[in-house]
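Colleague: Could you take me through how the packing in a model like this one is read?
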Amino acid sequence: MFGATGYTGRLTAEALVRRGVRPVLAARNAARLADVAGELGGDLERAVADVSRPETVRATVEEGDVMVATVGPFVKWGRPAAEAAIAAGAHYIDSTGEPPFIREVFERYGPRAAAAGTGMVTAFGYDWVPGNLAGALALRDAGPAAVRVDTGYFITGSAGAGAMSGGTKASLAGVAATPSFAWRGGSLRSERGAARRRTFRVRGRDRSAVAVGSSEHFALPRIHAGLQEVNSFLGWFGPLSRPVQAVSLVGSGAFRVPGVKTLYAAAADRLIKGSTGGPDAGERARGGSHVVGAAYDPSGKLLAEVHLSGVDAYTFTGEILAWGAQRAAAGGLTGAGALGPVDGFGLDELEAGCAAAGVGRVDPG
Ligand SMILES: NC(=O)c1ccc[n+]([C@@H]2O[C@H](COP(=O)([O-])OP(=O)(O)OC[C@H]3O[C@@H](n4cnc5c(N)ncnc54)[C@H](OP(=O)(O)O)[C@@H]3O)[C@@H](O)[C@H]2O)c1
């Protein structure tokens, strides 16, 4: 469990221990690791590893292990863990939500992992597991006539979008400076973030959402032949969706001016620090999530819509990472190379895993 001293790594380690698994806790700070081990019951194995010394990360994994990585932002600090898992012949599961890193795992690391015979499941947290599940269920319900699938992510409850961990803020800041992508006409296209906007009907109310790059664009075409279009939407911004779209448009232009992107990244580094914790158990309990998957035919007619609902994003992330790690360790991750949540674990198994992690199918209402 690499990143065990961070907010998400700690939640994941806790969930693993609750499931009867004994994770090796890894991070860069020995004293903090000892604290976490103590809080989790004392005698868990620990490994000090720092991404600025990749050989220390490599030393944490052996063939047949499962590397769970939550050290982010991944575009900055994610590569040593991915490299280490491939070199060791270990399965790899990470918590990134960052579109450029997801793309890198599918396009760059995937073929190397396939050659090494290991599985890599990127973005295996709230970003972007429930959308993969909702989209896959909608495609299964719709049948072969479906050529397009849209997924939408919404926050429910009273915690609000302000309840973000320091790590999430740091990762969002990094991603704003990079281009995104979408699946169009049966292939992956680069596209600026928030290029599209649409509304979804959620619990009887129209809610606005903006387009975002996710793992659905890589993973859903693998499980549904003939899929022409995949769109993923983030509804966190609510009524601010239109301004977010405008900012993204201005930002994408500004980032083409030499030096602006570098200046932005430097400012984000100064202003937004990771490891500042996240919502406590009480705040998490007040939050919730709602995810929609909708499948369409070539004329744009809705064929099937699936709604999932449940716990807040962080609770889900810790629980589903633990579920995935435990299953992968038990041989439940099938195939090699970069895998999506559904082709990696199986649709029925993933639905059961998500329900156990607190997010399950509900009536659209
Ligand atoms: N997919 C999702 O839905 C989802 C949900 C939650 C989080 N995330 C992502 O997961 C990542 C972690 O988030 P978080 O909130 O847990 O962040 P965090 O609290 O900042 O934790 C980051 C972890 O990385 C470690 N770390 C930092 N620099 C390191 C280095 N040089 N070498 C080794 N370890 C290092 C930190 O160690 P120290 O304790 O020593 O600083 C800490 O253990 C972020 O990228 C976030 O966006 C995604």
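Modeller: Two residues are in contact if their C-beta atoms, placed from the backbone, lie within 7 Å. In this chain, residues 24 or more positions apart make up 72% of the contacts with a separation of 6 or more. The model is predicted, with local features needing pLDDT of at least 70 and side-chain atom pairs counting only at pLDDT 80 or more, while totals for chains, interfaces and linings use all residues. Residues are numbered from 1 along each chain as its sequence is written.

Colleague: How is a pair of packed helices described?

Modeller: Two packed helices are described by the angle between their axes and the distance between the axes. Axes are lines fitted to C-alpha atoms, for helices over the stretch in contact, with angles from 0 to 180 degrees between N-to-C directions; helices are DSSP runs (H or I, at least four residues), numbered from the N terminus. Here the axes of H1 (residues 7-18) and H13 (residues 313-329) come within 8 Å and cross at roughly 55°. H1 is therefore oblique to H13, since angles under 35 degrees count as roughly parallel, over 145 as roughly antiparallel, 65 to 115 as roughly perpendicular and the rest as oblique.

Colleague: Which residues of H1 meet H13?

Modeller: Thr8, Leu11, Thr12, Glu14, Ala15 and Leu16 do so, facing Tyr314, Thr317, Gly318, Glu319, Leu321, Ala322 and Ala325 in H13.

Colleague: And which residues of H9 are buried?

Modeller: A residue is buried if 20 or more other C-beta atoms, placed from the backbone, lie within 10 Å of its own. In H9 these are Glu216, His217, Phe218, Ala219, Leu220 and Pro221; because six of the eight residues of H9 (residues 216-223) are buried, this helix is largely enclosed by the rest of the structure.

Notes. Helix = DSSP H or I, 4+ residues; strand = E, 2+ residues; numbered from the N terminus. Buried ≥ 20, exposed ≤ 12 C-beta atoms within 10 Å, placed from the backbone.
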